Amino acid sequence: MKLKSLLAAGLLGVSTLALATAAAAQDKTIRIVGFGASSGVVGIFGQNSSAAMQAAFEKINEAGGVTLADGSQAKIVTEYYDDRCNAEEGISVLRRIASTDALVAIGPTCSNVAEPLFGILQAKVDDGGDTGLQFPVFTDVAIKGGLAGISEWVFRNTPSEATMYDSLFAWIRQTHPELKTIYGGVEEDFAHSRFTWYEVMKKAAEANGFEVVGEAQWLLSDTNFSNQARGMRRAEPNVVAISAHPFTTCGMLREMARQKIEPEVLVGLTSSSSLETISGCAAEAQGLTIPTSFAPVNQEAIEAAEAVVAKGGQMDLHSASAWENAFILRDVINAAGIEGTAESLEEDRRKIRDALAQLTEAPGLLGQNKRMPDGEAVKPYVFVHAKDKGWEVLHEPSS
Amino acid sequence: MDFYFGLAQIIGVHTLLGLSAYVVLLTGQVSMAQAGFYAIGAYTPGAMTAMFGLHILPAIVIAGLVSAGIACIVGFPALRVKGLMLVVATLAFGEMVRLFFFNLTWQVERNGELVGPNGAEGFRAIRYFPQNGWEVWHVTVFIWIVVAVVMAALWWMDRSRAGAVLRAVGHDEIAAQSIGLNLTAVKVGAMTAGGFIAGLGGGIYAHTVTHIEHGVFGVLLATFAIAYPILGGLGTVFGTLIAVLFIQGFLIEGLRFMGDWRSLLFGALIVLAMNLRPTGLLGEHAPRMKHLLGLRGRKTETLESKEAN
């Protein structure tokens, strides 16, 4: 009896071990971690980004996952860390991610986190004198121009606002040759909105023959815009450009409506081409024109948007980048010969970095994205405008 | 491991910020200006190392001295008011400093690139540590040496006449004045010392994050600065350290997995902590080693036993 029990126990143990080994062989995983602000005033960016990443990786895993160097398949596992749009927290989160078996991180969402975060990374690859963190970061949301140049470990799949706004103002000049003046409104204390007005919109407008007749400034937490709108009304501009996030964009638009300011053309910030603007002030935003690198204009984009909605998020130009990043990383992992073991972790991270650096093109939801030598991207874009409680494609520059 | 070193850096830097408010709080004054001194401390050595190539050590000492000087100048008019009026006055100063850096654009060319404060876009590339071969643990050790020196100095001060003077003013100004203490000198002295410590903290902070901007040094940071010593208790310098560990280590980093609920729980746990320990986590009086080891308890028991007998 005792011998039988021992044999049974041994058999059970061996079979369990065999099953576990087989399961382990099947369950090879690659970890790709997202991070950004998923709480607070700008938390919606991280929530959408997280949903897009989850949806994309789920789709990749359903199709078999990624192929490792030994030809085996591995599933991608992901999680999302909240940095509350705080620089210290963002750095801490990235250090935490780098201390795990994650191969690459997707994030952050806030430009004011991205700048310090990229600063702690090694500036030049293989620079022995630079002890910065050596970990690849593939940014989806933080859109302020020129940040990838801070470190060679940083790559961004954010659209080029300079290209998009230059094209938009050229198109406005072409379609409305009678318009002469522009008035700018800027959310002054947010890195992205401020940079985009002063360095992008304003320069693009002037380059296309518009005269800047005034500027109004406000802060992210402002709720009263009457003074700014009064200045705008006095200037009687043909075009008004608002470089602000959805919350204050809506505040300003409501005040403009109250003071009956009706410019011929209304231009908004890329980040405001989102559901928040429509749900916040659909009526006042009517006609607001924004260049964006995402719109559901083809079957793939429509399906991607539906998949993200199913995960509780919304697809906009930012979360679309998170979606695209997932698929670009899948292709990079498949091609780079990633081993996916604990011993090869550092080497695998380096392979991903090098593979991202070598890309000259990458697939996107609106077409091929150009990968630039400095780690930035130039993406296809369309002009959308707010119409009937939604965003409608107004013009496709590539068509 | 780098993650834990990084976390230790954050805790160290915030401890300095909290200690800067601790010194002022000892005199019974609530200063919301600490974030302003911290900002001055951040931009000054940032400029010295990134723009002019100075070594980190003199840079942060100079930052401390500049902040201390400004704290001293601010202290004279600000400390003529008390209570809520002082809170408003120091808050206004903090905002003034923040807005100064919001508007400050001063860049010089270094290695073909413009370096320096660029208004609202902040001050990028303060990369002294990685550029000079400092590993993360080197930076952590450096920060904690500074923290240890500051804490030791404050601990020693607390046990000297200076500490007694500060606490005397904090407990009862009239009584302190009646025994001949110069209230203005004491308060301004505390403010100056607080400014020096905040300057050191800000200087180190700028170099750990490599990029600073005005928005970091707002009211929220000023609130954290005074929250640390109040939550930790004013009985000892260690109270501030305990509070920073509680907030930065546990509430912010430890609860990160809770996602959106973290912010809610953050406030609730602070309220709970203040209700359970209204005089701070370590209380108003520094716990002595023999209390912690229970030696006093045994002695009391013996006396009680004797009385019973």
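Modeller: Start at B:N111, which is exposed, with 6 other C-beta atoms within 10 Å. The cut-off for exposed is 12 or fewer, so B:N111 qualifies. Keep in mind that this is a predicted model. B:N111 sits in the loop between β1 (108-110) and β2 (113-115) of chain B. Look at its backbone. Phi is positive there, about 50 degrees, although B:N111 is not a glycine.

Now move on to B:A125. Its phi is also positive, near 65 degrees, and this residue too is other than glycine. B:A125 lies in the loop between β2 and α5 of chain B. Is B:A125 buried or exposed? It counts as buried, with 21 C-beta neighbours inside 10 Å. Buried starts at 20 or more, so B:A125 passes that mark.

α1(B) gives the most, with five residues. In total, 29 residues of chain B are in contact with 27 residues of chain A. What kinds of residue does chain B bring to this side? There are eleven nonpolar, nine polar and nine charged ones.

For a contact between the chains, look at A:F195. This residue is in helix α6 (residues 191-207) of chain A. Beyond its neighbours within four places in sequence, A:F195 is in contact with A:K144, A:G145 and B:E121. One of these partners, B:E121, belongs to chain B. Another, A:G145, is 50 residues away along the chain, yet the two C-alpha atoms are separated by 7.7 Å. A:F195 is buried, with 23 other C-beta atoms within 10 Å.

Go back to α11 of chain B for a moment. B:I247 is in that helix. B:I247 is buried as well, with 23 other C-beta atoms within 10 Å. Its C-alpha atom is 8.1 Å from that of B:F266, which is 19 residues away along the chain.

Chain B also shows a helix crossing. The axes of α7 (residues 161-171) and α9 (residues 183-209) of chain B come within 10 Å and cross at roughly 110 degrees. Angles of 65 to 115 degrees count as roughly perpendicular, so α7(B) and α9(B) are roughly perpendicular to each other. On α7(B), the contact uses B:V165, B:L166 and B:V169. On α9(B), it uses B:L183, B:V186, B:K187 and B:A190. Sorted by class, that makes six nonpolar, no polar and one charged.

Next, chain A as a whole. Its domain assignment gives domain 1 (27-159 + 297-380) and domain 2 (161-292). The C-alpha centres of these domains lie 30 Å apart. Where they meet, 14 residues of domain 1 are in contact with 19 residues of domain 2. On the domain 1 side, α4 and α11 (317-336) of chain A are the elements that give two or more residues. That side has seven nonpolar, five polar and two charged residues.

In soluble globular proteins, nonpolar side chains tend to be buried together. The largest nonpolar core here has 214 residues. Both domains of chain A give residues to this core, so it lies between them. Which residues have the most contacts inside it? They are A:A105 and A:W323. Setting aside residues up to four places away in sequence, A:A105 touches A:V33, A:F35, A:L94, A:I97, A:F135 and A:V137.

Another loop to visit is the one between β4 (102-106) and α4 (111-119) of chain A, where A:P108 is found. A cis peptide bond joins A:G107 and A:P108, with omega about -10 degrees.

Last stop, A:F57, in helix α2 (residues 43-62) of chain A. It is buried, with 24 other C-beta atoms within 10 Å. Not counting residues up to four places away in sequence, A:F57 touches A:I76, A:T78 and A:A326. Its C-alpha is 41 Å from that of A:Q217, 160 residues away in sequence.

How values were computed: Residues are numbered from 1 along each chain as its sequence is written. Chains are lettered from A and ligands numbered from 1 in the order in which they are written. This is a predicted model: local features need pLDDT of at least 70, side-chain atom pairs count only at pLDDT 80 or more; totals for chains, interfaces and linings use all residues. Axes are lines fitted to C-alpha atoms, for helices over the stretch in contact, and angles run from 0 to 180 degrees between N-to-C directions. Helices (H or I, at least four residues) and strands (E, at least two) are DSSP runs, numbered from the N terminus. Angles under 35 degrees count as roughly parallel, over 145 as roughly antiparallel, 65 to 115 as roughly perpendicular and the rest as oblique. Two residues are in contact if their C-beta atoms, placed from the backbone, lie within 7 Å. Ala, Val, Leu, Ile, Met, Phe, Trp, Tyr, Cys and Pro count as nonpolar, Asp, Glu, Lys and Arg as charged, and the others, Gly among them, as polar. A nonpolar core is a set of buried Ala, Val, Leu, Ile, Met, Phe, Trp, Tyr and Cys residues joined through C-beta atoms within 7 Å. Domain bounds come from an automatic or database domain assignment.
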